[in-house]
Amino acid sequence: MSSAGVKILVVDDEPPIRKLLRMGLTSQGYEVLEASNGKVALELLAKKPALVILDLGLPDIDGHDLLSRIRSREENLPIIVLSSRGDEAGKVAALDLGADDYVTKPFGMDELFARMRAAMRHQLQVHGERPVFHVGDLSVDLVRRIVKVGDREVRLSPKEYDLLRLLVQHAGKVLTHRFLIQELWDEPTDPQYLRVYVRQLRQKIEADPERPQYIMTEIGIGYRMRAPD
Amino acid sequence: VRLGLWPSLLTSVVSALAYNYFFTEPYHTFTISDPKDVIAVVFFAVVAVIVSNVAAQARIRLLGAMERSRTTESLYAFSRKLAGAGTIDDVLWATAHQIAAMLKVRVVLLLPENGSIAVKAGYPPEDRLDEADLAAAKWAWAKNRPAGRDSDALPGAKWLFFPMRTGRGQIGILGICRDEPGPLLRAEQRRLLDALSDQGALAIERVHLVEDIERVRRVAETDRLRSALLTSISHDLKTPLAAILGSAGALRDLSHSFDDNAKADLLATIVDESERLNRFIANLLDMTRLEAGAVVPNAALHDVGEIVGSALERASKILARHRVEVEISPDLPMVNVDAVLFEQVLFNLLDNAAKYAPAETTVRIQSWQEQDSVKLQVLDEGEGIPAADLERIFDKFYRARKGDQVRAGTGLGLAISRGFIEALHGTITAANRTDRTGAAFTITLSIPKAAVQEVAA
């Protein structure tokens, strides 16, 4: 996927961070729109950016407010929030408000680019999934519902398969506990059931369930399927 | 004789009259015809009266002795109760309750507050005095003399107030009241009240002294910590910063004199030292949150294996030169923890193991169920911990002695771990391995009742 000319809106009040993002993103061929506050950010939406990188700590407006205002104007615009460690509640709130993903400060550029790719890939894919998903030794055929690790076919229960399908359909993106529970169960369900299914699924598809390579745990937030190779 | 003087006197008179009625002539009248009988009746009556009197005296003495012994017992029980009371509220409540019970009065206790005095306890529980009573209490406090009902000062008040004193001076004010009119206390009750009041005052003073000592200790502790913090910060912040600044400056200014390997090396230093700085700042923030009481665990049932996996993932770079073994019982129940806090604890233990155990050794994580608890151990193959340090390593800024090549820790990781584990109602202890040299950290968490093991597909 070429990033040439693709516009990225960076919303952060710290000039060194904006500079770092500008240099990093420009080096990848992106065009960067910069906003140091929420007001400018909302104005720059008119330039139709392809993705927003949003720092939750802004001087003029609460980051979560700005997030909902952007989301209310641009339903499908991918948004990645920059947050700090220890603020898991803030991250979950941002994800529930419609952010696609988060990066914890301080972050590496490679991590940010991976999140951006996953968020934009998912947006392009919303109306057409790839029929077979591959990552490492794992392959998931979403049409024929066949899951393989290497050559070995893995037998999953319907719930385990539904969980895996959700993770695969959003591969590379974090999915919150709440989102997964809503999608998997019709009624409110204790998150511990989700954890039990994740454990069972890992035992079936991971070589070492204690050191998972496919279904990654985002402590306090949710789960993330490793992005396809 | 068990009933006292008046009943026995009455019995004497009735007996004399009965003798007269039945045994002296003329029978069945109260008149006496024979003078000898008169003497007999009078003699009987006198003897009966004397015996009654002696018996009644004995009974009064016995009752008095029993009363005194009960009072002594109550006072003794009271002093023991006070000795066991740890907080000022316990002491006040015990005092108010005891006085109310022994003297059948209502009681309030007032202690100094903001330059005046205020009601701190009452029995029956009651916090309010009206204006006149409060004025009497304040007068008693100001003059260090009794005031209010039955006293010389402000006798219009409904309550009677006494200063509570110890050898060091006035401690507070004791107020008593009874709904019935009339004098509140007899002389011996007043003596009893003084004894109770003195005991209460001493206990209040003791609690105050303990609080003072604790306050002084905390101030000293805070000072010690502040200086340790300064030492630690200046070292732990400045060392990585110096490396980062030096490397970055060299790359900017001396770029032409480095080959690609040297440049890569300098860049790696910048990244590694920045990460170290980041961990240290995260530790400082965690410690600050703990000390500010801002750590509110968001506990839920979690899979130990999952949190171990997450901690290992985050520590993978730190442990890159160690082997890692994980053994978790397959049927281990879920534990009730805050996943973020628990993962941080595991990360700190792994960080610690990476620091103190040499490269190429094995760091082992094992978790199993033992009766009603889940145990999790992190074992390393370092030199272990000197016996004298096993408890102290959990102190803030305490760093075990180590060889020169070992990188200094922040001295915060284990203190934070203990703080977090205690916030999760668990325990964490340090020991040395018995099977070989090396340190063993053990976390114990109780098993929640509602944990699910497996779910039906």
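Leu103(B) is buried, since its relative accessible area is 1% and the cut-off for buried is under 20%. Keep in mind that this is a predicted model. Leu103(B) sits in helix α3 of chain B.

Packed helix pairs are described by an angle and a distance between axes. For α2(B) and α3(B), which spans residues 88-103, the angle is about 170° and the axes are 10 Å apart. That makes the two helices, α2(B) and α3(B), roughly antiparallel. Their crossing is right-handed.

A second pair in chain B is α6, residues 260-291, with α9, residues 413-423; their axes come within 10 Å and cross at roughly 40°. So α6(B) is oblique to α9(B), and the crossing of these two is left-handed.

Val38(B) is partly exposed, at 35% relative accessibility. Together with Val42(B), Val46(B), Ile50(B) and Val54(B), Val38(B) makes a nonpolar surface patch of about 410 Å².

Last topic, charges. Over all chains, the structure holds 40 salt bridges.

In chain A, Glu111(A) is bridged to Arg115(A), with 3.8 Å between the closest N and O atoms. The two are about one helical turn apart, because they are four residues apart in helix α5 of chain A. Glu111(A) is partly exposed at 31%, while Arg115(A), at 13% relative accessibility, counts as buried.

Lys204(A) and Glu160(A) form a salt bridge at 2.8 Å, N to O. This one links distant parts of the chain, from helix α8 to helix α6 of chain A, 44 residues apart. Lys204(A) is partly exposed, at 30%, and Glu160(A) is buried, at 3%.

In chain B, Arg215(B) meets Asp212(B) at 3.0 Å, N to O. Both are in helix α5 of chain B, three residues apart. Arg215(B) is partly exposed at 43%, and Asp212(B) is partly exposed at 34%.

Finally, a network of salt bridges links Arg18(A), Arg22(A) and Glu34(A).

Notes:
Residues numbered from 1 in each chain as written. Chains lettered and ligands numbered in written order. Predicted model: local features only at pLDDT ≥ 70, side-chain atom pairs only at ≥ 80, totals over all residues. Heavy atoms only, no water. Patch = residues over 30% accessible without salt bridge, like charges linked within 9 Å, V, L, I, M, F, W, Y side chains within 5 Å. Areas by Shrake-Rupley, 256 points an atom, 1.4 Å probe, with all protein chains shown as cover. Salt bridge = Lys/Arg side-chain N within 4 Å of Asp/Glu carboxyl O. Buried < 20%, exposed > 50% of the residue type's maximum accessible area, 1.4 Å probe, protein only. Axes fitted to C-alpha atoms, helices over the stretch in contact; angles between N-to-C directions. Parallel < 35°, antiparallel > 145°, perpendicular 65-115°, else oblique. Left-handed = near helix turned anticlockwise from the far one by under 90°.
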